[in-house]
Amino acid sequence: MSQSVSASAESHRTSLADYKAALTAPGSRGAVIASLLARLPIAMIGISALLYVQRETGSFASAGLVSAGSLVGVSVGAVVQGRLIDRFGPTRPLLVTTVLFALAMTGLVFAIEAHAPTLVLVPLAFGTGITEPMVGSASRALWTRLLPAGPTRNAAFSYEAISMEVFFILGPGFAGLLIAAPWAGTGIVTGSLTMIAGAVLFALSPTVRAWGPAPSSGGKLLGALASPGMRTLALAALGFGAVIGFVEVAVPAAATEAGNTSIGGLLLSAWSVSSVAFGVAYSLRPWPRQMGLRLPVLLAGFGALVALLALPGSLWGLALAMLAAGALITPQSTTHSAAIEIAAPKGTAAEAFGWVLTAVTLGLAFGQSISGYLVEHAGHEAAFLAAGAVGFALAAVVWLLRGTFRPQPSGAVAEAPELVGAAR
């Protein structure tokens, strides 16, 4: 990798004009719109499933285990699908997994309605996770083919993270409202149908169909994760996901304890509001400048702010505390995307994003499963404190490994002007 590419990825500094240039790049419009549709219900499906199972079983512990099963499935599917997308292009893998996802989600809904035991629901949830179409990974990797390395590509990565936070504002809110519908499964079905439609449109868009097979990246079992820097990045992403996982169970539990279950989803939306606002400002002037330090500093700060969620004694106070904690969500997401530019080997862009998603979802699964136990046996405050402790611990490990984060000789930067031409 050239020094200019490394420097660009390290600083990740952008301007508002770079956002406009990225979103108006030739060939991007159709894929961007379809990607929005496919990614919109990601948060909605997860929270809807959690609330749906809790409503039918009466147990947050069971709901947390089912949600964790889905997330473990996503963690496996992200890497497998990412490797297939790098190898064959996105269209065929995404179409196949979308069909499988529709079948798996249908089976899960019927099982929940039949009041199947948790031991049955968890593997079914795993099936929905492993088949969930990884449009997010493909969409992020597509920018490395549409845009050259530099501020415009960095802006595209920031857009991906910021748009996801908008979905995390809308998704939990929709889930909280739809759980009050006459049928508790309305949210999970609505979200699944939206995701299926978006994934099909994305896979069949001209720009995505022009993305052909890539040369093998060496055939190693670990693929992109063979890079020491990618392993350090994965640890940071694991901590990020774990902290969020604790909160995603503890907040609905706090709302339920206060006698207002439907407000739980809206509370989860609160921290995404500040995440979007602060995320844009952070992308203009990121800190710390050195990526090896930026990862642990952001994670430690996030853990500290989440631990403070244990202090408020009312839902209004919790909402305000979540606004503060949310400020460090998008900065971490954009940092993870920028870090891939430095650490991932060439030809592994989609898989590298898959490994980051895998780490985040494994963290979510861990956080949700432990949080479900804590809220039932020690209260939601204990879950917030545990989240902070986990964030601090993994931030310390990432800081100790900061020396492994070095640019790869042939990083994940991919120039593919032929895609732009084909999409015109």
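1. Start with a charge and a ring: the charged end of Arg-402 sits over the ring of Trp-399, 3.9 Å from its centre. A second case is Arg-87, whose charged end lies over the ring of Phe-88 at 5.4 Å from the centre. A charge "sits over" a ring here if NZ of Lys or CZ of Arg is within 6 Å of the ring centre and within 35 degrees of the ring normal.

2. A word on what you are looking at: this is a predicted model, in which local features need pLDDT of at least 70 and side-chain atom pairs count only at pLDDT 80 or more, while totals for chains, interfaces and linings use all residues. Residues are numbered from 1 along each chain as its sequence is written, and side-chain values use heavy atoms, with hydrogens and water left out.

3. For the overall picture, the protein has 19 helices and zero strands. Helices (H or I, at least four residues) and strands (E, at least two) are DSSP runs, numbered from the N terminus. Of the 424 residues, 59% count as buried; buried means under 20% relative accessible area, exposed over 50%, and partly exposed in between, with a 1.4 Å probe and protein chains only. Among contacts between residues at least 6 apart in sequence, 87% join residues at least 24 apart, where contact means heavy atoms within 4.5 Å.

4. Now to the aromatic pairs, of which the structure holds six. A pair of aromatic rings is described by the distance of the centres and the angle of the planes. Rings of Phe, Tyr and Trp (its six-membered ring) pair if their centres lie within 6.5 Å; planes under 30 degrees apart count as stacked, over 60 as edge-to-face and the rest as tilted.

5. Take Tyr-52 and Trp-183 among them: their ring centres are 6.1 Å apart and their planes meet at 80°, so this pair is edge-to-face. Tyr-52 belongs to helix α4 (residues 42-57) and Trp-183 to the loop between α9 (151-178) and α10 (186-204), so the pair links distant parts of the chain, 131 residues apart. Tyr-52 is buried at 0% relative accessibility, whereas Trp-183 is partly exposed, with a relative accessible area of 34%.

6. Phe-246 and Phe-366 also form a pair, with centres 6.1 Å apart and planes at 80°, so it is edge-to-face. Phe-246 is in helix α12 (residues 228-257) and Phe-366 in helix α17 (residues 349-377), so parts 120 residues apart in sequence are tied together. Phe-246 counts as buried, at 1% relative accessibility, and Phe-366 is partly exposed, with a relative accessible area of 41%.

7. Ring pairs also link Phe-240, Trp-271 and Phe-302 into a cluster. Ile-244 lies in helix α12 and is buried at 10% relative accessibility.

8. The C-alpha atoms of Glu-248 and Pro-172, 76 residues apart along the chain, are separated by 9.7 Å.

9. Two loop residues deserve a look. His-115, in the loop between α6 (91-113) and α7 (118-131), has a positive phi of about 55° although it is not a glycine, and it is exposed at 53% relative accessibility. Ala-180 sits in the loop between α9 and α10 and is exposed at 58%; its C-alpha is 9.2 Å from that of Thr-261, 81 residues away along the chain.

10. Finally, the structure holds two cavities of 30 Å³ or more. On a 1 Å grid over the protein atoms alone, a cavity is a set of points where a 1.4 Å probe fits but cannot get out, and lining residues have an atom within 4 Å of a point. Grid points are joined across faces, edges and corners, and a volume is the space filled by probe spheres set on the points. The second largest cavity has a volume of about 40 Å³, and its lining includes Trp-143, Glu-160 and Phe-202. The elements giving two or more residues to this lining are α3 (29-39) and α8 (135-146), with the largest share, four residues, coming from α8.

Methods: 1 Å grid on protein atoms, 1.4 Å probe; cavity = no way out; pocket = protein on both sides within 12 Å on 5 of 7 lines; lining within 4 Å.
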